[in-house]
Amino acid sequence: MNLWIVLVLAALAAGASAQSCTCDTLKWAVCEESPCKCEISVAANEKQQLTCSELIPKCFLMKAEMYRAKKGLETRTIGGKPVEDAFVDNDGIYDPDCENDGKFKAKQCNNTEECWCVNSAGVRRTDKGDKNLKCEKLVETYWVRLQLTHKPAKADVDASKLKVAIAEAINKRYKFNKDLVDNVEYDPKARLIVVDVKKQKGERQTDLANMAYYMEKDVKVLPLFKSQEKFEPTVGSEKLEMEKILVYYVDEEAPTFTMKNLSGGIIAVIVVVVLAVVAGLLVLFFARKRSQRYNKAQQREMEAM
Ligand SMILES: *[C@@H]1O[C@H](CO)[C@@H](O)[C@H](O)[C@H]1NC(C)=O
């Protein structure tokens with residue numbers, strides 16, 4: 001009898017220790033015991049070692065997602081019910097080239113002949129070009145604006161407590177410095193919370209892209225964290241569940257998109273306006289020349305007299 005208890009306890013202990021090596025910051029990670037090592041497949045024969053005590057670099061996450069999508073693997077949790085926006089806004093994804101430390105390479109081609117330059121969040125910041133496109137360096141995103149819409153709350157949301165609540169939630173969940181939450185604005189009618197997360201230009205310790213990406217997944221699909229607990233800032237006694245998120249990126253240098261992005265209609269209007277202005281200037285120019293000639297003729301007549 002006693003022997004049985006000992007055996008059961010031993011089995012439980014073994015089970016518990018087997019589960020001790022897991023990856024808190026990425027549920028898809030595959031971990032190995034003693035020493036505890038976690039990795040994720042990012043291509044057919046390519047695995048990426050992970051540091052699971054930190055948020056995983058967005059570049060590795062995107063690469064892993066592309067690979068999983070290609071293999072028809074679940075990019076959501078198994079059996080997880082996608083929220084309303086789950087399928088929207090996936091068009092930004094591509095198969096990125098990453099540096100060894102998880103940063104995006106400045107130039108990205110998505111395994112095609114068409115390339116573009118990205119910022120530190122891996123978001124395109126130039127027109128698309130061919131393979132000879134030059135991207136001098138990776139331009140850092142130093143400011144992200146997170147536009148969150150929360151689900152209807154039971155009571156009115158106390159806007160004065162919102163900033164602290166959001167900063168706290170971001171700090172706890174993404175291990176992000178509270179002080180970087182620069183400004184929070186609230187529109188109760190639209191249930192819209194605008195959060196500006198900003199760092200000093202030139203600062204290279206914090207990566208806004210990781211945090212924003214984890215939050216995007218938290219809101220749009222399901223958490224990347226092993227724990228499927230929701231991102232719910234607590235304001236007063238109310239837990240605010242989010243239903244939509246839109247992320248704006250601000251880089252240390254302005255992006256260089258050109259007119260290619262303008263629609264044909266706008267270009268046509270610009271062309272017509274420019275032509276009209278040029279025509280007007282020409283008319284003015286000739287009118288003035290004629291009057292000058294007239295003046296000179298008058299002068300000569302005066303002198304003759
Ligand atoms: C990258 O390529 C994949 C197909 O391999 C495609 O589904 C995706 O839309 C592409 N992304 C971009 C941003 O071009």
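By class, the shell around the ligand consists of 4 nonpolar residues and 1 polar residue, with no charged residues among them. The model described here is predicted, and its residues are numbered from 1 along each chain as the sequence is written.

**The ligand and its surroundings**

- The residues that surround the ligand are M66, I93, Y94, N110 and W116, and the protein covers 47% of the 360 Å² of accessible area that the ligand has on its own.
- From I93 the atom concerned belongs to the backbone, where an N or O atom lies 3.2 Å from a nitrogen atom of the ligand.
- From N110 the atom concerned belongs to the side chain, where a polar atom lies 2.3 Å from an oxygen atom of the ligand.
- N110 is placed in the loop between β4 and β5, and this residue counts as partly exposed because its relative accessibility is 26%, a value between the 20% and 50% limits.
- W116, another residue of the ligand shell, has K128 lying over the face of its ring, at 4.8 Å from the ring centre.

**Aromatic pairs**

- A pair of aromatic rings is described by the distance of the centres and the angle of the planes.
- The structure holds 6 aromatic pairs, and one of them is formed by Y142 and W143, whose ring centres are 6.4 Å apart and whose planes stand at 65°, so that this pair is edge-to-face, given that an angle over 60 degrees is classed in that way.
- Y142 counts as buried, because its relative accessibility is 13% and the limit for that class is under 20%.
- Another pair is made by Y214 and F225, with ring centres 5.0 Å apart and planes at 40°, so this pair is tilted.

**Around W143**

- K198 lies over the face of W143, at 3.8 Å from the ring centre.
- The side chain of W143 also makes a polar contact of 2.9 Å with the side chain of D196.
- D196 is located in strand β8, which spans residues 192-198, and with a relative accessibility of 4% D196 counts as buried.

**The loop between β4 and β5**

- N111, like N110, is found in the loop between β4 (107-108) and β5 (116-117).
- N111 is exposed, because its relative accessible area is 59% and the exposed class begins over 50%.
- The side chain of N111 makes a polar contact of 2.8 Å with the side chain of D95.
- N111 and P96 are 15 residues apart along the chain, and their C-alpha atoms are separated by 8.4 Å.

- E32 lies in strand β1, made of residues 30-32, and E32 is partly exposed, with a relative accessible area of 46%.
- E32 and T22 are 10 residues apart in sequence, and the distance between them in space is 8.4 Å, C-alpha to C-alpha.
- S34 lies in the loop between β1 and β2, and S34 is exposed, with a relative accessible area of 67%.
- P35 also has its place in the loop between β1 and β2 (37-43).

**Backbone angles**

- Most residues other than glycine have a negative phi, and most peptide bonds are trans.
- The peptide bond that joins S34 and P35 is cis, with omega at about 0°.
- S34 has a positive phi of about 25°, although S34 is not a glycine.
- N110, which is likewise a residue other than glycine, has a positive phi near 55°, and N110 is also the residue with a polar side-chain atom 2.3 Å from an oxygen atom of the ligand.

Technical notes: Predicted model: local features only at pLDDT ≥ 70, side-chain atom pairs only at ≥ 80, totals over all residues. Heavy atoms only, no water. Near = heavy atom within 4 Å. Polar contact = N/O pair within 3.5 Å; in protein donor to acceptor, adjacent residues only side chain to side chain. Areas by Shrake-Rupley, 256 points an atom, 1.4 Å probe, with all protein chains shown as cover. Nonpolar A, V, L, I, M, F, W, Y, C, P; charged D, E, K, R; others polar. Phe/Tyr/Trp six-rings, centres within 6.5 Å; stacked < 30°, edge-to-face > 60°. Buried < 20%, exposed > 50% of the residue type's maximum accessible area, 1.4 Å probe, protein only. Lys NZ or Arg CZ within 6 Å of the ring centre and 35° of its normal. Helix = DSSP H or I, 4+ residues; strand = E, 2+ residues; numbered from the N terminus.
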